[in-house]
Amino acid sequence: MKLRKIVLNNRRFAKIAVAVILVLFISLPIAGYAGDVEVLLSGDRLKQDLDIAHKVMRPIGRLSKAGFTIQNRSNNLYNLEYQAVWFDQYMQTVSTGTWQRFTLPPNMGKGVVSIGKSQEASIAVFQIRLPHDGVINGSNLGKEHKYENSNMSERENSDNK
Amino acid sequence: MLALLSSFVLFSGCASTIGGQGAVRIGDPAERPHLATVLTTGDYLAFAENVTNEMLGSSFVAAWGSKQPKFIVGKLRNNTHNENYRMGDLHDRITETLLNSGTVRVVDKSATSFDYIIKSDLNTTRQGNSKGAELVYFTLVLKVFDIGGELKGQWSDDLPLIKG
């Protein structure tokens with residue numbers, strides 16, 4: 001009862017309380033959230049061997065920064081590539097990044113970060129796949145799908161052995 | 001009969017020219033195929049994406065707040081073994097990304113009022129053996145100086161190209 005009287009009678013306390021509530025409300029999205037970061041792994045083998053964690057989206061100045069960690073739980077050395085695609089809140093594509101290559105040693109992890117290079121960019125989708133080197137060989141131009149599939153099956157067969 | 005045969009030849013010719021496009025196909029700009037250990041437009045895009053990732057994510061840029069400082073493009077140096085790399089094209093990609101991010105304003109070299117100067121270097125190291133294997137390591141360094149000549153930020157990105 002006494003406390004209630006104090007609260008009601010003290011205007012300064014009321015103002016501080018309102019300010020605290022406002023700051024908490026405003027800072028909720030600033031604290032970092034994973035809802036707008038999606039990571040897509042291409043193929044069952046990658047889904048089986050790799051773990052995605054610590055997905056986060058943070059504002060950085062007037063832009064957004066998205067990131068995640070990828071962990072290799074297997075004893076295989078993975079050469080992989082990822083692409084970051086940014087969308088606005090209406091799922092319109094804002095920017096499509098190039099494929100970036102990286103190596104993931106056995107039982108090791110790596111952090112991946114991308115910045116939405118427009119103020120509208122608010123949703124990030126990362127795609128991860130095995131490298132598509134089939135298109136490099138000039139004689140295979142236009143046949144990359146066959147090459148990739150055979151490459152995948154060769155890898156899977158060698159792993160099974 | 002002759003007319004029928006000639007029209008068949010004519011149309012089959014059209015089919016092979018228009019329908020099947022021989023060895024030419026449209027590529028995906030996000031893909032980065034390489035036929036040799038040289039930089040492609042896809043690599044320019046990747047360089048621009050990575051150095052601007054680092055720059056825009058830095059505390060230097062975050063400290064600007066709502067300000068949009070004016071930049072001019074300074075010296076672009078190609079220190080590689082290949083003189084054909086167009087540093088202007090590479091830099092166009094970088095300035096395009098920065099400009100569209102809404103964080104900077106880009107002014108012409110003739111401008112008298114500006115805040116920062118961008119300079120960049122493209123460097124390579126190269127290894128090879130007698131069997132034709134080659135490792136070319138490209139590094140793009142982006143530097144930002146203020147008008148007093150002080151280096152305020154430096155970011156780089158590496159791209160190793162390996163020919164087996």
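Okay, let's start with the second largest pocket: by class, its lining has eight nonpolar, eight polar and five charged residues. Here Ala, Val, Leu, Ile, Met, Phe, Trp, Tyr, Cys and Pro count as nonpolar, Asp, Glu, Lys and Arg as charged, and the others, Gly among them, as polar. Before I go on, this is a predicted model, where local features need pLDDT of at least 70, side-chain atom pairs count only at pLDDT 80 or more, and totals for chains, interfaces and linings use all residues. Residues are numbered from 1 along each chain as its sequence is written, chains are lettered from A and ligands numbered from 1 in the order in which they are written, and side-chain values use heavy atoms, with hydrogens and water left out.

Back to the pocket. Its volume is about 500 Å³, and 21 residues line it, with A:Ser95, A:Thr96, A:Gly97, B:Leu45 and B:Thr97 nearest its centre. Two or more lining residues come from each of strands E4 (78-87), E5 (93-96) and E7 (109-116) of chain A, and helices H2 (41-56) and H4 (87-100) of chain B. H4(B) gives the most, four residues. Helices (H or I, at least four residues) and strands (E, at least two) are DSSP runs, numbered from the N terminus.

Now, E4(A), one of those lining strands. Nine of its ten residues are buried, meaning under 20% relative accessible area with a 1.4 Å probe, protein chains only. E4(A) runs antiparallel to E8 (residues 123-129) of chain A over seven bridges, with A:Gln83 partnered by A:Gln127. Five bridges join E4(A) to E6 (residues 100-104) of chain A, also antiparallel, and there A:Asn79 partners A:Thr103. With E5(A) there are three antiparallel bridges. That hairpin has five residues between the strands, and A:Met91 takes a positive phi near 60°. By pairing I mean at least two DSSP bridges between two strands.

Over to chain B, which has four helices and five strands, in the pattern α-α-α-β-α-β-β-β-β. Of its 164 residues, 38% are buried. The five strands make an open, mixed sheet in the order E2-E1-E3-E4-E5. E2 (105-106) and E5 (151-163) of chain B are at the edges with a single partner strand each, so one side of each has no neighbour in the sheet.

Which sense does each pair take, parallel or antiparallel? E1 (residues 70-78) and E3 (residues 116-128) of chain B are parallel over six bridges, and B:Asn78 sits opposite B:Leu122. E3(B) and E4(B) go antiparallel over 13 bridges, including B:Thr124 with B:Phe138. Their hairpin has five residues between the strands, and B:Gly132 in the turn has a positive phi of about 95°. E4(B) and E5(B) are antiparallel as well, over twelve bridges, with B:Val136 opposite B:Leu161. Four residues separate these two strands in their hairpin, where B:Gly149 has a positive phi near 90°.

One last thing: ten of the 13 residues of E4 (residues 134-146) of chain B are buried, so that strand is largely enclosed by the rest of the structure.

Definitions and conventions
Buried means under 20% relative accessible area, exposed over 50%, partly exposed in between (1.4 Å probe, protein chains only). On a 1 Å grid over the protein atoms alone, a cavity is a set of points where a 1.4 Å probe fits but cannot get out, and a pocket is an open set with protein on both sides within 12 Å along at least five of seven lines; lining residues have an atom within 4 Å of a point. Grid points are joined across faces, edges and corners, and a volume is the space filled by probe spheres set on the points.
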